Amino acid sequence: MPWRVVEHGDITWKVSFAAERTANTAQWRLVLSFRAAEPEARSFWAPYPLESTSRSVLYSQADRIPAHRLTAILSEHLG
């Protein structure tokens, strides 16, 4: 199940997130997964500038990311 759904052009994108451990530190960083809801099912991962020593804090911060920021990341990637 996607965490969020955003529209870009005429394509619906399902966005999920994951916490990734930064090498040699106690920090977790947020990484976003974008998957197109179309026959080709394009997808990509994008790092997001949030870090924390706690995954639960990181996920709590992720819930406050506005939809317009997700759409901006998507636009930047699709260029």
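A salt bridge is taken here as a side-chain nitrogen of Lys or Arg within 4 Å of a carboxyl oxygen of Asp or Glu.

1. The model is predicted, so local features need pLDDT of at least 70 and side-chain atom pairs count only at pLDDT 80 or more, while totals for chains, interfaces and linings use all residues. Residues are numbered from 1 along each chain as its sequence is written, and side-chain values use heavy atoms, with hydrogens and water left out.

2. The structure contains two salt bridges. In one of them, Arg 69 pairs with Glu 76, with 3.7 Å between the closest N and O atoms. Arg 69 is partly exposed at 27% relative accessibility, and Glu 76 is exposed at 57% (buried is under 20% relative accessible area, exposed over 50%, partly exposed in between; 1.4 Å probe, protein chains only).

3. A salt bridge also joins the side chains of Arg 29 and Glu 20, at 2.5 Å from N to O. Arg 29 is partly exposed at 34% relative accessibility; Glu 20 is partly exposed as well, at 33%.

4. Arg 4 is buried and has no salt bridge. The nearest side chain of opposite charge is that of Asp 63, 5.3 Å away (Lys and Arg count as positive, Asp and Glu as negative; His and the chain ends are not counted). However, a polar atom of the Arg 4 side chain lies 2.9 Å from the backbone oxygen of Asp 63.

5. Beyond its neighbours within four places in sequence, Arg 4 is in contact with residues including Trp 13, Val 15, Ile 65 and Leu 70 (contact means heavy atoms within 4.5 Å).

Terms used. A polar contact is a pair of N or O atoms within 3.5 Å; within protein, one must be able to donate a hydrogen and the other to accept it, and residues adjacent in sequence count only if both atoms are side-chain atoms.
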